[in-house]
Amino acid sequence: MPCNFITAVSKGSNTRFPGKDHRFSCLTWEQINILDQVLTEVIPIHGRGNFPTLEVKPKDIIQVVKEQLVKKRILVRDIRLNGSTASHILVKQNGTSYKDLDIIFGVELPSEKEFQIVKESVLNCLLDFLPKCVNKEKITAQTMKDAYVQKMVKVSTDHDRWSLISLSNNSGKNVELKFVTSLRRQFEFSVDSFQIILDSVLEVYSDSDRKLSENADLSVIAESMYGDFDEAMDHLKYKLIATRNPEEIRGGGLLKYCNLLVRDFKPADKAEIKSLERYMCSRFFIDFPDVAEQQRKVESYLRNHFIGEEKSKYDYLMTLRGVVNESTVCLMGHERRQTLNMITILALKVLGEQNIIPNAANVTCYYQPAPYISDRNFNNYYIVHGQPPIIYQPYSFHIHLQSGMV
């Protein structure tokens with residue numbers, strides 16, 4: 001099927017693209033082949049305690065969940081692959097990788113009842129993936145939630161109406177099922193703004209008489225939520241950083257921005273990026289005003305996005321520290337110092353965990369002498385045998401690195 005966007009429609013989908021819209025593009029056969037590899041790869045969903053690991057192919061769980069929703073009379077508009085996985089499929093050769101498998105079900109959730117139906121449908125679907133030897137009769141939806149769900153989120157506001165169910169994977173490749181009626185902001189940066197509409201591919205999988213091949217009558221469409229598909233693709237190919245209105249993003253996109261910098265992405269507009277950094281920092285500190293909250297957020301980001309990349313954590317934290325130090329304008333002086341100190345301590349902790357000792361030529365240590373040193377009559381000291389052991393009181397200890405860590 002040619003992709004001319006005059007009336008490009010996936011069969012069985014309500015998605016239409018009237019006229020030529022610069023947000024959309026068709027996948028090449030090479031990209032479709034990579035998509036097929038992603039959707040047919042077996043991903044383990046690890047159970048807690050004695051629960052067995054579920055061996056799940058994304059295409060299978062997507063189909064089963066969709067069938068359950070339709071059976072429960074939940075309208076499914078379309079199904080999309082979102083974020084870093086979509087970016088990986090579109091431009092594999094520039095070294096982009098993905099962690100979570102982010103699947104978006106476009107659904108109608110007019111009331112609390114529909115939210116509950118979606119939750120129960122997903123949990124009941126997991127039963128189908130349990131080994132055949134398991135007695136499923138006494139296993140409840142709540143039991144499956146406790147065993148296999150890493151997190152559940154529900155948002156119901158005037159502008160955003162969606163829910164998320166994330167299935168656990170010990171290596172960080174979580175299967176994230178998102179059910180969206182409306183979502184005001186669907187991307188952070190242009191390079192993660194892509195969504196691949198899966199309906200046409202899912203039809204091929206469900207039709208035993210059809211096979212996914214280069215000669216198949218198949219059109220798979222991708223959309224850039226950033227706006228201009230070709231511009232976003234250039235950013236992805238050449239590892240450029242661009243966004244719009246970062247103050248609309250929860251957390252300002254600050255943590256993702258620093259992640260891109262560590263992975264050798266460069267600002268697309270060097271003149272604009274400093275202004276964007278200030279917006280990122282301001283929104284981050286609005287959403288996470290307390291230093292303890294900030295620490296939990298940063299630690300969670302490190303756990304979820306640097307699995308198997310332990311050596312990159314230090315570089316990431318120092319990059320984050322540099323951006324916060326240079327672009328934070330919304331904090332009082334002592335608040336800013338608290339945040340910088342928190343990031344510094346996390347960086348030192350990372351070095352300690354990896355048994356990495358910084359180059360001594362680049363390290364200056366400052367210590368506070370014991371009080372008796374200031375006594376002019378002090379020359380030396382001795383320990384009388386039989387006396388109680390000496391207890392040394394802690395004094396402040398500061399490390400200054402040339403990279404700017406204090």
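The model is predicted, and local features need pLDDT of at least 70, side-chain atom pairs count only at pLDDT 80 or more, while totals for chains, interfaces and linings use all residues. Residues are numbered from 1 along each chain as its sequence is written, and side-chain values use heavy atoms, with hydrogens and water left out.

**The chain**

The chain has 12 helices and 14 strands. Helices (H or I, at least four residues) and strands (E, at least two) are DSSP runs, numbered from the N terminus. Of its 406 residues, 43% count as buried; buried means under 20% relative accessible area, exposed means over 50%, and partly exposed lies in between (1.4 Å probe, protein chains only). Among contacts in the chain with a separation of 6 or more, 69% come from residues 24 or more positions apart. A contact here means heavy atoms within 4.5 Å.

**The sheet**

Strands of a sheet pair through backbone hydrogen bonds, either parallel or antiparallel. Two strands pair if DSSP finds at least two bridges between them.

Strand β4 (residues 76-82) is largely enclosed by the rest of the structure, because six of its seven residues are buried. β4 pairs with β5 (residues 101-107) and also with β9. Strand β9 (residues 194-197) is in turn joined to β10 (residues 221-224).

| Strands | Sense | Bridges |
|---|---|---|
| β4 and β5 | antiparallel | six |
| β4 and β9 | antiparallel | three |
| β9 and β10 | antiparallel | three |

N82 stands opposite D102 in β5, and R80 has I197 of β9 as its bridge partner. F194 stands opposite S224 in β10.

**Two helices**

Two packed helices are described by the angle between their axes and the distance between the axes. The axes of α4 (residues 112-127) and α5 (residues 141-148) come within 9 Å and cross at roughly 75°. Axes are lines fitted to C-alpha atoms, for helices over the stretch in contact, and angles run from 0 to 180 degrees between N-to-C directions. The two helices are therefore roughly perpendicular to each other, a term that covers 65 to 115 degrees.

On the α4 side the contact is made by K119, L123, N124, L126 and L127, and on the α5 side by A141, M144, K145 and Y148. These residues divide into six nonpolar, one polar and two charged. Ala, Val, Leu, Ile, Met, Phe, Trp, Tyr, Cys and Pro count as nonpolar, Asp, Glu, Lys and Arg as charged, and the others, Gly among them, as polar.

E120 also lies in α4 and is partly exposed, with a relative accessible area of 38%. The C-alpha atoms of E120 and K145 are separated by 9.5 Å, although the two residues are 25 residues apart along the chain.

**Cysteines**

A disulfide is a pair of cysteine sulfur atoms within 2.5 Å, and by this rule the count is zero. For C281, the nearest cysteine sulfur is that of C330, 7.3 Å away. C281 counts as buried, at 1% relative accessibility, whereas C133 counts as exposed, at 72%.

Key
Angles under 35 degrees count as roughly parallel, over 145 as roughly antiparallel, 65 to 115 as roughly perpendicular and the rest as oblique.
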